[in-house]
Amino acid sequence: MEPGVGQPLDENPVAQALAALGAPLLSVRPRAGAEPEATLAAALLLAHREAVVLRAVPVVLARLADKLDWGRLEAGARACGELSTLGFTLELAGRLSGRADLIERAKGLHAWAEPGHRYFFEPRNDYDRRLAELQTPEVARAWGFWLNMGEDAFRSLFERHAT
């Protein structure tokens, strides 16, 4: 069972550890957890249920980029079945921060991306499906995701908290 499944975000140990790494999760009290790479890998799973976590992951990736053990993070993402999510959030972090090295690192993961498109968040109805297909940012679409969140939602949080 995934850590924190069924827990409110403010009581979720993955969210608390992510907040301790500098994620802008305002309702979550930071609490040190596992190594940053393990926390980020677990956050990639949590991001499929919590939109605020998805928006926060690129902020943490950009902040910690020079300190992360990328091999360990990629191994953790692979073990969770979330290499595509890592690639997507990493490329987005690179674009938003202007760091070409992050974009290049993400491109190295593209060979492992799952084929086809899938909804990042499970749609509740046909309206949700259609909205996701219309609003998906280009970077998410390139990684095989549809999500009902424009790039502006990521950019606004990133600009306030990543620098």
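**Exercise 1. Which residues form one aromatic cluster?**

Solution. The structure is a predicted model, in which local features need pLDDT of at least 70, side-chain atom pairs count only at pLDDT 80 or more, and totals for chains, interfaces and linings use all residues. Residues are numbered from 1 along each chain as its sequence is written, and side-chain values use heavy atoms, with hydrogens and water left out.

Step 1. Rings of Phe, Tyr and Trp (its six-membered ring) pair if their centres lie within 6.5 Å; planes under 30 degrees apart are stacked, over 60 edge-to-face, and the rest tilted.

Step 2. Over the whole structure, six aromatic pairs are found. In one of them, the ring centres of Tyr-119 and Trp-146 are 5.1 Å apart with planes at 45°, so this pair is tilted. Tyr-119 belongs to strand 1 (residues 118-119) and Trp-146 to strand 2 (residues 145-146); the two lie 27 residues apart, and their pair links distant parts of the chain.

Step 3. The ring centres of Phe-120 and Phe-121 are 5.2 Å apart and their planes stand at 75°, so the pair is edge-to-face.

Step 4. The cluster consists of Phe-88, Phe-120, Phe-121, Phe-145 and Phe-154.

**Exercise 2. Classify Tyr-119, Phe-120 and Phe-121 as buried, partly exposed or exposed.**

Solution. Step 1. Buried means under 20% relative accessible area, exposed over 50%, and partly exposed in between (1.4 Å probe, protein chains only).

Step 2. Tyr-119 has 22% relative accessibility and therefore counts as partly exposed. Phe-120 and Phe-121 are buried.

Step 3. For the protein as a whole, 48% of the 163 residues count as buried.

**Exercise 3. Describe the largest pocket and its lining.**

Solution. Step 1. On a 1 Å grid over the protein atoms alone, a pocket is an open set of points where a 1.4 Å probe fits, with protein on both sides within 12 Å along at least five of seven lines; lining residues have an atom within 4 Å of a point.

Step 2. The volume, the space filled by probe spheres set on the points, is about 160 Å³ for the largest pocket.

Step 3. The lining includes Phe-121 and Trp-146, together with Ala-51, Glu-122, Pro-123, Arg-124, Asp-128, Ala-132, Leu-147, Asn-148 and Met-149.

Step 4. With Ala, Val, Leu, Ile, Met, Phe, Trp, Tyr, Cys and Pro as nonpolar, Asp, Glu, Lys and Arg as charged, and the others, Gly among them, as polar, the lining divides into seven nonpolar, one polar and three charged residues.

Technical notes: Helix = DSSP H or I, 4+ residues; strand = E, 2+ residues; numbered from the N terminus.
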